Amino acid sequence: MNAYYAIFRLRRRLETQYRGAALGGLICQVFFGLVLIALYRALYAGKPQDMPLEHVVTYVWINQAFFRMILSSDPELMDKIRTGGIAYDMCRPMSLYGFYYARIMAQKMMGTFLRGAPMIVIAALLPEGWGISLPASLPGFLWAVAAMLLGLLCVCAMENITMGFTMRTLDSRGMQAMLNLLMMILTGNVLPLTLYPDSWQPVITALPYAQMLDAPIRLYTGMYAPEAAWLILLRQAAWVAVLVCAGSLMWRANQRRLVIQGG
């Protein structure tokens with residue numbers, strides 16, 4: 001475990017070097033957050049919905065703050081898959097899956113912190129109706145933090161499955177583009193899942209994508225009661241276990257059939 005933690009620390013330190021990119025991402029996400037909120041305010045002015053506007057605005061800001069956690073990948077790994085450099089990593093005396101799981105977790109965690117922390121502060125300073133709301137309750141907030149950590153594990157496992165497909169196709173554009181599109185739609189990034197029809201809720205909230213951001217946000221806003229939070233976390237933990245097992249088996253199968261081309 002010490003080796004994986006060392007990898008995590010090194011990658012986390014490397015991610016802090018990209019402060020300019022973090023600033024650009026912060027400006028971009030704040031802009032899109034304001035645009036989305038303006039659209040939802042116009043929608044509510046024409047036809048109010050069952051879900052309070054404050055919840056939708058909070059949903060948007062948390063989604064924008066954690067955008068980096070949802071949609072970011074390891075460009076070095078993609079380059080190694082394409083060039084065959086991953087053969088050197090296979091010589092390491094550790095699990096290849098665990099090695100890149102630790103790397104992507106550090107990248108997503110630190111990248112999200114650099115953008116998300118100042119964005120939450122900015123959103124909190126905006127006037128009512130435009131800014132993020134306080135959590136519905138202290139227990140709900142604490143459960144939301146725990147759910148967010150499990151959501152991070154879930155999204156890292158999903159990212160490694162995406163990379164597993166890339167190992168097979170050697171082209172990250174096809175499968176990754178499709179999975180990223182699913183990720184944006186089913187995590188609530190394009191439209192909050194709470195605004196989908198009620199008949200859809202049992203299905204979309206049971207999918208792994210809903211465990212990444214939607215579940216923590218619902219705990220934060222009080223749509224999930226704190227008394228039922230342990231069930232939410234149990235479902236998240238189950239999905240993490242399933243995705244990690246599936247990804248690990250996929251990577252092992254890929255390693256057995258891997259062909260390194262070149263000299």
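1. Helices (H or I, at least four residues) and strands (E, at least two) are taken as DSSP runs, numbered from the N terminus. This is a predicted model; local features need pLDDT of at least 70, side-chain atom pairs count only at pLDDT 80 or more, and totals for chains, interfaces and linings use all residues. Residues are numbered from 1 along each chain as its sequence is written, and side-chain values use heavy atoms, with hydrogens and water left out.

2. Start with phenylalanine 66. It sits in the loop between α3 and α4. Not counting residues up to four places away in sequence, phenylalanine 66 touches Thr112, Met148 and Leu213. Contact here means heavy atoms within 4.5 Å. Arginine 11 is 55 residues from phenylalanine 66 along the chain, and their C-alpha atoms are separated by 19 Å.

3. A pocket is found on a 1 Å grid over the protein atoms alone: it is an open set of points where a 1.4 Å probe fits, with protein on both sides within 12 Å along at least five of seven lines. Lining residues have an atom within 4 Å of a point. The lining has 23 residues, and Phe66, Ile120, Phe141, Val145 and Met148 lie nearest the centre. Two or more lining residues come from each of α3 (53-65), α7, α8 (138-169) and α11 (214-221). The largest share, eight residues, is from α7.

4. Helix α1 (residues 2-15) has a span that checks out. The expected span is 1.5 Å times one less than the number of residues. Buried in α1 are Ile7, Phe8, Arg11 and Glu15. They cover an arc of only 100 degrees around the axis, so they lie on the same side of α1. That arc is taken from the directions from the helix axis to the C-beta atoms. On the other side of α1, Asn2, Leu10 and Arg13 are exposed. Buried means under 20% relative accessible area, exposed over 50%, and partly exposed in between (1.4 Å probe, protein chains only). The cover over the buried residues includes α4 (67-70), α5 (75-83) and α7 (96-125).

5. Helix α2 (residues 19-46) passes too. Its 28 residues should span 40 Å at 1.5 Å a residue; the end C-alpha atoms are 41 Å apart, which agrees. Its buried residues include Ala22, Gly25, Leu26 and Gln29. The buried residues of α2 pack against α3, α4 and α7.

6. Which residues does isoleucine 70 contact, leaving aside its neighbours within four places in sequence? They are Lys108, Val155, Met183, Thr187, Met212 and Leu213. Isoleucine 70 is in helix α4 and is buried at 3% relative accessibility. Its C-alpha atom is 9.1 Å from that of asparagine 189, 119 residues away along the chain.

7. Threonine 194 is in the loop between α9 (172-186) and α10 (201-204). It is buried, with a relative accessible area of 12%. Beyond neighbours within four places in sequence, its contacts are Met51, Tyr59, Gln201, Arg218 and Met223.

8. Now the cysteines. The whole structure has zero disulfides, a disulfide being a pair of cysteine sulfur atoms within 2.5 Å. For cysteine 156, the nearest cysteine sulfur is that of cysteine 154, 9.4 Å away. Cysteine 156 is buried at 0% relative accessible area, while cysteine 28 counts as partly exposed at 33% relative accessibility.
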